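Here is a brief report on a ligand site and on some helix packing. Take a look at the model before reading on.

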Amino acid sequence: MKPRKIWIDEIHGGSRYGLKGKILIKKRSPFQEITIMETENHGNALMLDGCWMTSDKEEKYYHECLVHPALSSLKTASRVLIIGGGDGGTARECLKYSDISLIDLVEIDKEVIELAKKYLKELGQNAWEDKRLKINICDGLKWVSNTQNNYYDVVFIDCSDPSEISNDIYSLKFYEECKRITKKEGIVATQSESPESFPTIHIEIIKSFKQIFQISSTMYSFVPFYPSGIWSWTFGSEDSTQFLNPQYKHIDSIENSCDIWNLNYQKGAFQMMPNKILNKLKKI
Ligand code: SPD
């Protein structure tokens, strides 16, 4: 029998964020409930424990904004770490930089990777076959603790929303560890939730980055099917010239390869902190 179309909602704070389509797979891994749906208007979409993670149609809003502000601001980057990122979208964007020789992708749940390879082909595309990408099925905290100082040029935290399995990587201790394993001139970049629908954790992340890094900055943009639509990414570094003064020599070709991100978009996005968040940060 053909699967029928249904609605699946992420329910958050009295609101529902729903997509309509057919369920391709729904299963419980040792870590979480994984659902992948073929939707009417968003391509295939991934939900983990009731929260939308990504969809074919909207993933670029998210992955381009996580990756390019960091990588385009370095003249060169060789080693990159991705914590989470099991759908392959972050790795795909990183592989656009030809100087990168190693991407360690550290994902706790191997079933997310297996299912993404099968059902979310648009996300990883050829990244899975690229020799520079090393898949490590491991807890992010453990991986970071076992890594030597100053090893990576950029660390990306591409995690799911706070939950039992991800809480430890929303901590000051974890961000300090990420800084320790990043080169002095490198960058730590994280998705930092929504100022509208997750303001408490959003402010916590910004506060932690401000406490740890000489320089930290948050950019705001949209991921239309995430709760409230507005989303954020926070970047930390020890070098004052970064983020707003991109250095990468082939930046034009990166801009041309993107659907969403470009330097002007980024310039505006780094100036978009809502006043209510600014005011809360002033009080801390
Ligand atoms: N509420 C959605 C938060 C999602 C953050 N991570 C998405 C993973 C995409 N690679």
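Predicted model: local features only at pLDDT ≥ 70, side-chain atom pairs only at ≥ 80, totals over all residues.

## The ligand site

## Polar distances to the ligand

For aspartate 87, a polar side-chain atom lies 2.6 Å from a nitrogen atom of the ligand. For histidine 63, an N or O atom of the side chain is 2.7 Å from a ligand nitrogen. For tyrosine 62, the distance from a side-chain N or O atom to a nitrogen atom of the ligand is 3.2 Å.

## Helix α6 against α7

Two packed helices are described by the angle between their axes and the distance between the axes. Start with α6, residues 172–180. Its axis comes within 10 Å of that of α7, and the two cross at roughly 45 degrees. That angle makes α6 oblique to α7. The crossing is right-handed.

Which residues meet here? From α6 come Leu172, Tyr175, Glu176 and Lys179. From α7 come Ile205, Ser208, Phe209, Gln211 and Ile212. By class, the contact of α6 with α7 holds five nonpolar residues, two polar and two charged.

## Helix α7 against α10

Helix α7 covers residues 199–212, and helix α10 covers residues 275–283. Their axes come within 11 Å and cross at roughly 55 degrees. With that angle, α7 is oblique to α10. The crossing of α7 and α10 is right-handed.

On the α7 side, the contact uses His202, Ile203, Ile206 and Lys207. On the α10 side, it uses Ile277, Lys280 and Leu281. The residues of this contact of α7 with α10 divide into four nonpolar, one polar and two charged.

## Recap

At the ligand, Tyr62, His63 and Asp87 each place a polar side-chain atom at a stated distance from a ligand nitrogen.

Conventions:
Residues numbered from 1 in each chain as written. Heavy atoms only, no water. Axes fitted to C-alpha atoms, helices over the stretch in contact; angles between N-to-C directions. Helix = DSSP H or I, 4+ residues; strand = E, 2+ residues; numbered from the N terminus. Parallel < 35°, antiparallel > 145°, perpendicular 65-115°, else oblique. Left-handed = near helix turned anticlockwise from the far one by under 90°. Contact = heavy atoms within 4.5 Å. Nonpolar A, V, L, I, M, F, W, Y, C, P; charged D, E, K, R; others polar. Polar contact = N/O pair within 3.5 Å; in protein donor to acceptor, adjacent residues only side chain to side chain.
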